[in-house]
Amino acid sequence: MRFQNNWSMQRPNLKTWPESAARLIAVAAGREQADSVIQGGRVVNVHTREVLDWQVAMADGRFAYVGPDASHCIGSDTQVIDAGGQYLIPGLCDGHMHIESGMLTPAEFARAVIPHGTTTMFTDPHEVANVLGLEGVRLMHDEALIQPVNIYTQMPSCAPSAPGLETTGFEITPEDVAEAMTWPGIIGLGEMMNFPGVINGDPKMLAEMAATQNAGKTIGGHYASPDLGPNFHAYAAGGPADDHEGTCEADAIARARQGMRSMMRLGSAWFDVEKQITAVTQKGLDPRNFIICTDDCHSGTLVEEGHVNRALRYAISYGCDPLVALQMATINTATHFGLERELGSITPGRRADVIFTDDLSTLPINRVFARGVSVAEAGKITVDCPHLKWPAHAKATMHLGKTIMPDDFIVKAPDGANSVTAKVIGIVENQAPTKALTRDLSVSDGIVQTDEAQDVAQVALVERHKGTGGVVNGFVNGFGYTGQMAMASTVAHDSHHMIVVGTSRDDMALAANRLAEVGGGMCVYQGGRELALVELPVAGLMSDEPATEVAEKAKGIIDAMETCGCTLNNASIQHSFLALVVIPELRISDLGLVDVTKFELTDLLKDN
């Protein structure tokens, strides 16, 4: 092992089911008293889709007795809890997500989502992997293991996500994957984004998947293509067991028919549940093959709207039976990862993760228990979420190699040209894919100009890992910016260089240098003045401040973007995905403009 077990001295003490079996049996039989008993509740059984007027006894952080009458489990020291007629539902599970997308460390992310009823997360820290490599993954893993809820880590599979099309701070190797499979909190392999590599039998991708399967763990999928022909079938044959990149009913059905779990996501900027839930509600497919996930949730969404509970409300609002929807965020998820006997239901032996709610459609989260402990009540967390001490170098990841100047953002036109036809990244609101557009742009003094009338701003990628001083320029449509402005972010999936979008080269330089000064984050400038700033010193991706404080600053970013003319939903997330070179159609990387439909670099300007 390269890394010490930083989590071992602080890990919450939860006995395994075999370790607790003798006591669980004794409590269920009435020979010993339970730690706590919940009476007066209506138990939602996600195995049978029934609502039962039952009682629940808990011991050693697990369910001991779940049945009509738990009075025989009560002793002098037993805490008796009156549910007051509320429904008791299992703690919610997020089947696929990235903690870093909340701009929070694992401890602060847990603090934010526990009051919303999330007690289990399956996280893929590939954002940190791109910046800090295997060490960053281990730090995320270690902090996850000391939380009062269940955070399982998927070992990132693709850093870089598309070899040859981008450069990352570190690369993940098959040897890294094999090592990680021995760590206690690793549940499987993170989303296999290099789907062309899988389809073409790339030895590195096959080796990573083999190491995962040989360890008896789950391979996460990421097939970001509308092609459901032989390529899709070849990808499924490689081993990915789920996929969250579907955007329509046909995608959901195709994945389920191939024996994959269709993960329907509702994050801050991705609204894919509505178009896919019809596979169950209208086509009548077996709901056991469908899972709810969030993928990417902004801190503001977590604070103001919720987490998995929010996604469930959406699924229910679009016609899904509440009990079926609950299965998709509890037992289905647990079964998928081989944890059906450990969590995901209110049944004997499982971790005592339970939520009190008085409505199965709107899902107010009134009280949350995790491992038999009350962790939140009335929207307020009631336990501590411990922080890991991150090393100093994890907070010193801005390596630009130089001071950025306005001239770094010049796009030169061919000699003598009065106008050019440029390839332009087109934003699609509420979806991950972009459009490959072309726009005719004017030329002044040999420099290609942005065009407010056509909603064309400039986009630039500033290299920040190796100190090369490199800047790659392009154009983007869809933000609606007006006047002189710039926005910069070191949250730039997946390579996490710096993405700067603007209409003013002076403001773009100011924004880039400001983020270098503060160690990473997001900022907006207008006419030479800073409108908003979020500092994200941990890997340039996360803050260890509370979610409420980060959300307030993040709202300042959104407000500043609106001041500059942008009205897109969660526009900061759309900004951060401009460099995601594994989702079609057009992206930008440190190597140039990327045609993701062909997985190749392409010229910015077309020949006229």
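Reader: What makes D82 the bridge partner of Q39 in β6, and what makes β1 and β6 a pair?

Author: In this predicted model, D82 of β6 is the residue bridged to Q39. Two strands count as paired if there are at least two bridges between them. β1 (residues 36–39) and β6 are joined by 4 bridges and run parallel, so they meet that cut-off.

Reader: Where does that pair sit in the sheet, and what is the strand order?

Author: The order is β5-β4-β1-β6, an open sheet of 4 strands with mixed pairing. β5 (62–67) and β6 (79–82) each have a single partner strand, so one side of each lacks a neighbour in the sheet. From one strand to the next, the twist averages 20°.

Reader: How do you know that helix α1 packs on the sheet?

Author: Helix α1 (residues 17–29) touches β4 (55–59) and β5, and contact here means heavy atoms within 4.5 Å. The direction of α1 makes about 35° with that of β5.

Reader: Now α7: which of its residues are called buried, and why do they count as one face?

Author: F232, Y235, A236 and G238 are the buried residues of α7 (residues 230–238), buried being under 20% relative accessible area. Down the axis of α7, they fall within an arc of 155°, so they line one face of the helix. Turned away from that side are P230 and A237, both exposed.

Reader: What covers the buried residues of α7?

Author: The cover includes β11 (186–192), α5 (195–199), α6 (203–214), β12 (218–221) and α8 (249–257). Just after α7 comes G239, with a positive phi of about 130°.

Methods
Residues are numbered from 1 along each chain as its sequence is written. This is a predicted model: local features need pLDDT of at least 70, side-chain atom pairs count only at pLDDT 80 or more; totals for chains, interfaces and linings use all residues. Side-chain values use heavy atoms; hydrogens and water are left out. Helices (H or I, at least four residues) and strands (E, at least two) are DSSP runs, numbered from the N terminus. Axes are lines fitted to C-alpha atoms, for helices over the stretch in contact, and angles run from 0 to 180 degrees between N-to-C directions. Buried means under 20% relative accessible area, exposed over 50%, partly exposed in between (1.4 Å probe, protein chains only). The arc is that of the directions from the helix axis to the C-beta atoms.
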